[in-house]
Amino acid sequence: DSFSTMYHEIGEYIAKLETVTAEKERIGAELDVAAKIQTSMLPCIFPPFPNRDEFDIYATMDPAKEVGGDFYDFFMVDDRHMAIVMADVSGKGVPAALFMVIGKTLIKDHTGLHNDLGEVFSEVNNILCSSNSEEMFITAFEGVLNLKTGELRYVNAGHEMPFICRNNGVYEPFKVKAGFILAGMEGIRYKSGSVQLQPGDKIFQYSDGVPEAMNRKNEQYGMHRLEKVLVQNSEKTPAELLPAIKADLDAFVGEAEQFDDITMLCVKFNTKDQRSDISVTPDKDSIKTVTEFMESTLEEWKVPMKVANKVQIAVDEIYSNIVYYSGATNAKITVTASDEKLSLLFEDDGTPYDPTTAKEPDVTLSAEERDIGGLGIFMVKKMAADIHYENTDGKNRLTVVFGVK
């Protein structure tokens, strides 16, 4: 009787084992497909934009499970701006991966709608909070790099601080104030910041799986070791840097199990344009300072006299208007030059005003018959190859472009 009972129980056990094994294989196959789908959602072809030489970028993501909650992204916002995103979803596995897809999509979709990245994260946060029954959250960092001027505007929602390597220097922590996490509380207002990158500068961003990686002794990799390996590899390109960090990380961890996703991204600003700027208080005395700055800059860059004269006229007209009519307390003029063009960027915190919409004067009339005003900007528009105005972050920004050849 005992052998008969055991015989039947073993038969039932084998049948259940076959069912469980088949189910595990099915789940494993589905997770494998999910991992491939997740990988395909992340930019993984390098170089991603072969026709763009203003930047060099490389990124990797190694999930702790079949699918992960970390994600990175980079994309062109428009022809002049490239966005980079690094984020980490709470938890691991399938739930984190699904929330990752939602967060990644929302951030990308909203980035092109606002000039202020703080507004982007504020809207994304509210949307995530409205449908977050599992109470998950995301730490995220986003930066938008101006490929012409090198200005990097950024916003941080509780994520790790990045590292910046100045040209011919070494990586140093860039202490960014961390805002509140995304999907944590509705109504949070996020603030953006900016940093100026120069040609040759690099920025490295990562998820907490890097400094928090642990070996079998329960020792963390740590920020000190990360900074050390970054400094040792400061001269490497982004595509060379990330494998070097991963190799050092693997050597430290050894045979210990990876418990968190490891994600890294590095971008180098490559523009070869010459660049110089001046910040002034827009008063009557500063006009001479600006004029001398432009004269010395144009002479140092050996700008052709014909172009230099046009640039000086534009600076005189536009900056005088800022001084006398804008009510601004701060102003900045940035000049950049390449082999083909020279650009002027005027920024001030005065009353919002688009001079490109000013009514053109009737030049057929005599000076006594014409209305006062409008002639200066009219001359600039006729001389320039392009002129563009925008008001972002509470600042007037007027860009004037001249052809060099």
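Glu-300 lies in helix α6 of this predicted model. The residue is exposed, with a relative accessible area of 62%. Glu-300 belongs to a negative surface patch, together with Glu-292, Glu-295, Glu-299 and Asp-316. Helix α6 spans residues 286-300 and supplies the largest share of this patch, 4 residues. Patch membership requires over 30% relative accessible area and no salt bridge.

Charge pairing was examined next. Side chains of opposite charge can pair when their charged atoms come close. The model contains 9 salt bridges. One of them joins Arg-52 to Glu-54, with an N to O distance of 2.7 Å. Both of these residues are buried. A further salt bridge connects Asp-73 with Lys-104, at 3.4 Å from N to O. This pair links distant parts of the chain. Asp-73 sits in strand β2 (residues 70-78), whereas Lys-104 sits in helix α2 (residues 93-111). The two positions are 31 residues apart. Asp-73 and Lys-104 are both buried.

Glu-347 and Arg-397 form another salt bridge, their closest N and O atoms lying 2.8 Å apart. Here too, distant parts of the chain are linked. Glu-347 is found in strand β13 (residues 341-348) and Arg-397 in strand β15 (residues 395-403), 50 residues apart. Glu-347 counts as buried because its relative accessibility is 9%, under the 20% cut-off. Arg-397 is likewise buried, with a relative accessible area of 8%.

The structure holds 0 disulfides. A disulfide would need two cysteine sulfur atoms within 2.5 Å. For Cys-44, the closest cysteine sulfur is that of Cys-266, 18 Å away, so the two are too far apart for a bond. Cys-44 is partly exposed, with a relative accessible area of 46%. For Cys-266, the closest cysteine sulfur belongs to Cys-165. That separation is 8.3 Å, so this pair is also too far apart for a bond. Cys-266 counts as buried, at 0% relative accessibility.

Technical notes: Residues numbered from 1 in each chain as written. Predicted model: local features only at pLDDT ≥ 70, side-chain atom pairs only at ≥ 80, totals over all residues. Heavy atoms only, no water. Patch = residues over 30% accessible without salt bridge, like charges linked within 9 Å, V, L, I, M, F, W, Y side chains within 5 Å. Areas by Shrake-Rupley, 256 points an atom, 1.4 Å probe, with all protein chains shown as cover. Salt bridge = Lys/Arg side-chain N within 4 Å of Asp/Glu carboxyl O. Lys, Arg positive; Asp, Glu negative; His and termini not counted. Charge placed at Lys NZ, Arg CZ, Asp CG, Glu CD. Buried < 20%, exposed > 50% of the residue type's maximum accessible area, 1.4 Å probe, protein only.
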